[in-house]
Amino acid sequence: MKRPRFKYLFLWGTLAVLSGCVSSGFAPGNSWSSKNRSKLIGALELGDVSVDKPADRTSVEKEIRGRAPLFFLERKYLLVPEEERAPYRVDIRAIEREYISGWKTRRSVSVEVFIRQNGEGAGDPVPLASGRAAGTGNISLSASPVLDRFLRTAVKRAAGALKK
């Protein structure tokens, strides 16, 4: 009689430990490795990062500056350090607005990525490529999963437009 209880207890304990590992960031989809550096398409320079939201603006800006190189690396573009020059410059703008819908306060969120020519001819205000991700509801740029999803989508669209 005692053996089946031990098996169930062991099974539930193992499942609890494994689910804790997955939720803590050890999921295989969240890893960036050096193998992504092979076959790079080009180099980009990170320019202006602006965040327009009611609060926590600087923390969101720091997170964008930290995450953008990883998302561009997924698309085979390398963001060079600030002291180096690259043929293209990336500007990122994130906007969060609140609005009233009925009796509830909702948010409108957008992340825009602009890729422009760097160096001579850089005064052209029209970007070579751009990408935008937007959404509404009970979302906020302060939530890392939301920011990651919007930034990844905007980078994917901008990098895809630059390839063309």
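This is a predicted model: local features need pLDDT of at least 70, side-chain atom pairs count only at pLDDT 80 or more; totals for chains, interfaces and linings use all residues.
Residues are numbered from 1 along each chain as its sequence is written, and side-chain values use heavy atoms, with hydrogens and water left out.

**Entry 1, the sheet.** I looked up the strands (DSSP runs of E, at least two residues, numbered from the N terminus) and found 5 of them in an open sheet of mixed pairing, ordered E2-E1-E3-E4-E5; two strands pair if DSSP finds at least two bridges between them. The edge strands, each pairing on one side only, are E2 (77-80) and E5.

**Entry 2, strand E5.** I saw that E4 (residues 104-117) and E5 (residues 129-137) pair in the antiparallel sense over 9 bridges. Thr 136 in E5 is the bridge partner of Ser 108, and Arg 132 in E5 is that of Glu 112.

I then turned to H2 (residues 57-74) and H3 (residues 144-163), helices being DSSP runs of H or I with at least four residues. Their axes, lines fitted to C-alpha atoms over the stretch in contact, with angles from 0 to 180 degrees between N-to-C directions, come within 10 Å and cross at roughly 45 degrees. H2 and H3 are therefore oblique to each other, as angles under 35 degrees count as roughly parallel, over 145 as roughly antiparallel, 65 to 115 as roughly perpendicular and the rest as oblique. Their contact (heavy atoms within 4.5 Å) includes Phe 71 of H2 and Leu 151 of H3.

Terms used: Buried means under 20% relative accessible area, exposed over 50%, partly exposed in between (1.4 Å probe, protein chains only).
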